[in-house]
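Subject: Structure handover

Hello,

Here is the structure I said I would pass on. My notes on what was found in it follow below.

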Amino acid sequence: MSQGDGEAEIGPVQVRGTVLTVRRVDAYHAMTLVAPGVAARFRPGQFLTTAVGGPDSAMLLRRAFSIHDVRPDHGGTVEFIFSADGPGTRWLARRRARDVLDVTGPLGRPFPVPRDPVSCLLVGGGYGSAPLFALAGKLRDRGCAVDFLLGAASGDRVFGALTARRTGRIAVITTEDGSLGSRGIVTDMLGQVIHDARTDVIYACGPMPMLRQVTVLARRYDLPVQAAVEEAMACGIGVCMTCVLPVIGNDGITRMVRSCVDGPVFRGDQIRWDDIGTIPFDAFGAPGWEPRPGRPAAGGQTTASGATAAGGPGGPGGPGGPAGPGGQAAAGGDAGTGRAAGPGGQAAADLAGRPGHGY
């Protein structure tokens with residue numbers, strides 16, 4: 001994987017973005033903003049955050065959304081997809097052309113892309129597939145073959161099915177109720193698609209159960225997975241520490257890393273899926289943690305065996321372990337577990353009581 005082409009040349013900007021359109025796309029909404037500063041810096045997989053509720057609102061937290069599409073040469077427009085499930089996103093759905101939003105972006109690390117042409121399978125759950133289409137364009141520019149495997153609970157919750165069928169070499173759709181494509185969930189079809197497409201690498205965006213299972217199944221085929229995690233974000237810029245999850249670095253040390261700045265996409269095999277929501281006892285900084293003999297200490301400290309090491313390349317960020325090639329990106333998801341999708345969801349106010357939409 002090559003990270004260089006995926007890094008934004010300039011960091012995020014905070015702008016006043018003018019609403020161009022708000023339209024329904026089946027069960028979702030698509031909002032297009034005129035935000036040339038964000039569009040110019042965007043790389044596939046990055047996300048944005050926007051304030052909601054207006055200047056007098058009690059909704060203080062921003063909402064984070066994966067960027068679906070940008071048009072730098074059309075006035076600098078940015079489009080994102082959302083589900084109007086809570087007060088903040090319902091407020092967004094009521095915006096009209098020429099309304100102005102306070103927007104920050106692009107945020108997060110972009111998808112790493114292969115150095116050489118390979119066969120890429122893009123797996124999406126619900127509107128978690130939204131960021132995959134900009135990625136698909138980047139991959140095709142690299143000469144890669146692009147295949148899609150998309151799913152949701154019902155046909156109206158599969159985002160981008162028509163585009164996938166038009167642009168993908170292979171496009172397989174699944175729904176739990178059988179209303180579109182094959183009946184079932186995406187992981188039911190994963191093995192067959194990998195075999196038919198001769199897949200070399202998988203990019204996955206969607207609910208956590210889907211991402212976990214995709215990673216498990218991909219391991220059987222010895223395939224790398226770039227998984228876009230679904231963790232609730234309050235700030236989106238690495239300050240609040242609400243989106244942390246346990247990730248194993250290349251140095252073998254588990255660290256609690258921030259999804260918004262160290263991800264939200266990580267190598268699937270480095271995420272400790274069964275420990276998400278907890279702080280593992282052996283995570284760096286956990287009570288009682290200490291380097292074992294022969295294991296590198298975080299931050300380049302000397303271990304009992306006398307070895308020294310910093311965080312290895314490709315590992316997640318952390319003390320002494322900056323993120324490196326092949327480890328991270330940004331993305332979205334669908335609410336397969338009752339939590340909102342996008343890069344970290346749509347904040348706690350929009351998560352309460354939200355039914356799962358499957359994958």
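The lining of the largest pocket is made up of 11 nonpolar, seven polar and eight charged residues. Please keep in mind that this is a predicted model. The pocket has a volume of about 570 Å³, and of its 26 lining residues H68, D69, E79, F133 and A134 lie nearest the centre. Strand 1 (13-25), strand 4 (63-71), strand 5 (77-82), helix 3 and helix 4 each give two or more residues to this lining. Helix 3 has the largest share, with five residues.

The largest nonpolar core has 31 residues, and L122, L135, L139, F148, L150, F159 and Y203 are those with the most contacts inside it. At least two core residues come from each of several elements, including strand 7 (119-125), helix 3 (132-141) and strand 8 (145-152). Helix 3 gives the most here too, with five residues. Another core, of 27 residues, lies apart from this one and includes V186, V193, V225 and V257.

The whole structure holds 11 salt bridges. In one of them, the side chains of R71 and D69 meet at 3.1 Å, N to O. R71 is partly exposed at 41% relative accessibility, and D69 is partly exposed at 24%.

In another, R272 and D282 meet at 2.9 Å, N to O. Both lie in the loop between strand 15 (265-267) and strand 16 (328-329), so the pair ties together parts that are 10 residues apart in sequence. R272 counts as buried at 17% relative accessibility, as does D282 at 19%. Salt bridges with shared partners join R272, D275 and D282 into one network.

Regards

How values were computed. Residues are numbered from 1 along each chain as its sequence is written. This is a predicted model: local features need pLDDT of at least 70, side-chain atom pairs count only at pLDDT 80 or more; totals for chains, interfaces and linings use all residues. Side-chain values use heavy atoms; hydrogens and water are left out. A nonpolar core is a set of buried Ala, Val, Leu, Ile, Met, Phe, Trp, Tyr and Cys residues joined through side-chain atoms within 4.5 Å. Buried means under 20% relative accessible area, exposed over 50%, partly exposed in between (1.4 Å probe, protein chains only). Helices (H or I, at least four residues) and strands (E, at least two) are DSSP runs, numbered from the N terminus. On a 1 Å grid over the protein atoms alone, a cavity is a set of points where a 1.4 Å probe fits but cannot get out, and a pocket is an open set with protein on both sides within 12 Å along at least five of seven lines; lining residues have an atom within 4 Å of a point. Grid points are joined across faces, edges and corners, and a volume is the space filled by probe spheres set on the points. Ala, Val, Leu, Ile, Met, Phe, Trp, Tyr, Cys and Pro count as nonpolar, Asp, Glu, Lys and Arg as charged, and the others, Gly among them, as polar. A salt bridge is a side-chain nitrogen of Lys or Arg within 4 Å of a carboxyl oxygen of Asp or Glu.
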